[in-house]
Amino acid sequence: MNKSEEAFRTIGELAEELGLPQHILRYWETRFPQLRPLQRAGNRRYYRPADVALAKRIDRLLNREGYTIKGVQKLLEEKGADAVRADPAPQALSVAELKRIRALLADALAEDAARYSES
């Protein structure tokens, strides 16, 4: 998609971006009052950048972090939509931790290579 980050998204564009069917976004609008896209003639929905960010966060909480609808509703009520919109900063790993992980992966690859060369 070549649209600016500040451009409004249609429901089809947002659904495609999230990899979800459009009816899921319409359902979320009934469950999360904070998610309110603009509606024009014929009930065409236009998601503002803040709506897009919130929909992405709801998707992440529900489909990746394992929250329930009620859990996300509670989180939005307690922290507010603005606090939930922002993705938390990724945790930085130390160089030592990265080297340890690399060593574990190298060992696993070596074991796999040895196992497949034996067969």
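Two residues are in contact when heavy atoms of theirs lie within 4.5 Å. Among contacts in the chain between residues at least 6 apart in sequence, 48% join residues at least 24 apart. The model is predicted, and local features need pLDDT of at least 70, side-chain atom pairs count only at pLDDT 80 or more, while totals for chains, interfaces and linings use all residues. Residues are numbered from 1 along each chain as its sequence is written, and side-chain values use heavy atoms, with hydrogens and water left out.

**Overall make-up**

- The chain has 6 helices and 3 strands, where helices (H or I, at least four residues) and strands (E, at least two) are DSSP runs numbered from the N terminus.
- Along the sequence these elements follow the pattern β-α-α-β-β-α-α-α-α.
- Of the 119 residues, 25% count as buried; buried means under 20% relative accessible area, exposed means over 50%, and partly exposed is in between (1.4 Å probe, protein chains only).

- An open sheet is formed by 3 strands in the order β1-β3-β2, with antiparallel pairing. β1 and β2 (38–39) stand at the edges with a single partner strand each, so one side of each has no neighbour in the sheet.
- Two strands count as paired if DSSP finds at least two bridges between them. For β2 and the antiparallel strand β3 (residues 45–47), 2 bridges make the join.
- Leu 38 stands opposite Tyr 46 in β3.
- Thr 10 belongs to strand β1 (residues 9–10). Its relative accessible area is 18%, so Thr 10 is buried.
- Not counting residues up to four places away in sequence, Thr 10 touches Arg 44, Arg 45, Tyr 46 and Tyr 47.

- Most residues other than glycine have a negative phi.
- Asn 43 is not a glycine, yet has a positive phi of about 60°.
- Asn 43 sits in the loop between β2 and β3, and counts as exposed because its relative accessibility is 51%.

**The nonpolar core**

- A nonpolar core is a set of buried Ala, Val, Leu, Ile, Met, Phe, Trp, Tyr and Cys residues joined through side-chain atoms within 4.5 Å.
- The largest such core has 20 residues, and Leu 25, Trp 28, Leu 35 and Ile 58 have the most contacts inside it. Two or more residues come from each of α1 (11–18), α2 (22–31), α3 (49–63) and α4 (69–79). The most come from α3, which gives 6 residues.
- Trp 28 touches several residues beyond four places away in sequence, among them Leu 18, Leu 35, Ile 58 and Leu 62.

**Before β1**

- Lys 3 is found in the segment before β1. With a relative accessible area of 32%, Lys 3 is partly exposed.
- Leaving aside neighbours within four places in sequence, Lys 3 is in contact with Phe 8, Arg 9 and Glu 13.

**Helix α6**

- Leu 98 lies in helix α6 (residues 95–118). Leu 98 counts as partly exposed because its relative accessibility is 46%.
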